[in-house]
Amino acid sequence: MGKITAILKSAQLRAKEANLPYEGALTPEEAYEIWQTAPGAKLVDVRTRAEIDWVGRVPGAVEIEWMGYPGMKPNPNFMAALEQQVDKESLLLFLCRSGHRSHAAAALATQAGFADCYNILEGFEGDKNPGNQRNILNGWRAAGLPWEQS
């Protein structure tokens, strides 16, 4: 079994065990490996424009807000933007700050007929530590994966 297949099978098992409404759940490291090696894979960053501009962006990611800032109101154009920017047959890796909004985005995309939707667990900034801070315990940035400050 190849590395891509093994990672995706593990992610699919996580999703099945947790009864998730999409294909799979990946750690940040697994998501990066898939994004770099699986043909046609797309990383879809669903954080707000403010988060991307102020906290940092993942170079090469497709950026579509799930919710807008300020107010955190749902983006009524999310699905239209997704359909315009990625192919329905692409392997999609959804990322947000902590993995919650990307969970919802992956579920909606799956309902809309996108074939291979995966949520990136822990998100860009990861879980809060006991001191109520992110970017320390886990997540994309804490894993040392590529990102840049605007």
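A residue is called buried when its relative accessible area is under 20%, exposed when this area is over 50% and partly exposed in between, with a 1.4 Å probe and protein chains only. The structure is a predicted model, in which local features need pLDDT of at least 70 and side-chain atom pairs count only at pLDDT 80 or more, while totals for chains, interfaces and linings use all residues. Residues are numbered from 1 along each chain as its sequence is written, and side-chain values use heavy atoms, with hydrogens and water left out.

**Exercise 1. The sheet**

Work out in which order the five strands form the open sheet, and how the strands are paired.

*Solution.* Begin with the terms: helices (H or I, at least four residues) and strands (E, at least two) are DSSP runs, numbered from the N terminus, and two strands pair if DSSP finds at least two bridges between them. With these terms, the order of the five strands is β1-β7-β6-β2-β3, in an open sheet whose pairing is parallel. The edges of this sheet are β1 (24–26) and β3, each of which pairs on one side only.

β1 and β7 are joined in the parallel sense over three bridges, and here Leu26 has Ile120 of β7 as its bridge partner. Between β7 and strand β6 (residues 91–95) there are four bridges, again with the strands running parallel; Leu91 stands opposite Asp116 in β7, and Leu93 has Tyr118 as its partner there. On to β2 (residues 42–45), which pairs with β6 in the parallel sense over four bridges, with Lys42 opposite Leu92.

**Exercise 2. Cover over the strands**

For the helices, contact means heavy atoms within 4.5 Å, and axes are lines fitted to C-alpha atoms, for helices over the stretch in contact, with angles that run from 0 to 180 degrees between N-to-C directions.

Asn119 counts as buried because its relative accessibility is 2%. Its side chain is joined to that of Tyr22 by a polar contact of 3.5 Å, a term for a pair of N or O atoms within 3.5 Å where, within protein, one must be able to donate a hydrogen and the other to accept it, and where residues adjacent in sequence count only if both atoms are side-chain atoms. Beyond its neighbours within four places in sequence, Asn119 has contacts that include Gly24, Phe94 and His103.

**Exercise 3. Charged side chains**

Find how many salt bridges the structure holds, and which residues are linked in a network of them.

*Solution.* A salt bridge is a side-chain nitrogen of Lys or Arg within 4 Å of a carboxyl oxygen of Asp or Glu, and the structure holds seven. One of them joins Arg47 to Asp45, with the closest N and O atoms 2.7 Å apart; Arg47 is buried at 0% relative accessibility, and Asp45 is buried with a relative accessible area of 0%.

The network links Arg49, Asp53, Arg57 and Glu63. Arg49 meets Glu63 at 2.9 Å, N to O. Since Arg49 lies in helix α3 (residues 49–54) and Glu63 in strand β3 (residues 62–63), this pair ties together parts that are 14 residues apart in sequence. Arg57 meets Asp53 at 3.6 Å; Arg57 is buried at 19%, whereas Asp53 is partly exposed at 29%.

**Exercise 4. A buried charge**

Identify the side chain of opposite charge that is nearest to Glu125.

*Solution.* Lys and Arg count as positive and Asp and Glu as negative, while His and the chain ends are not counted. Glu125, in the segment after β7 (116–120), is buried yet has no salt bridge, and the nearest side chain of opposite charge is that of Arg97, 4.8 Å away. Apart from neighbours within four places in sequence, the contacts of Glu125 are Val55, Arg97, Arg134, Asn135, Asn138 and Gly139.
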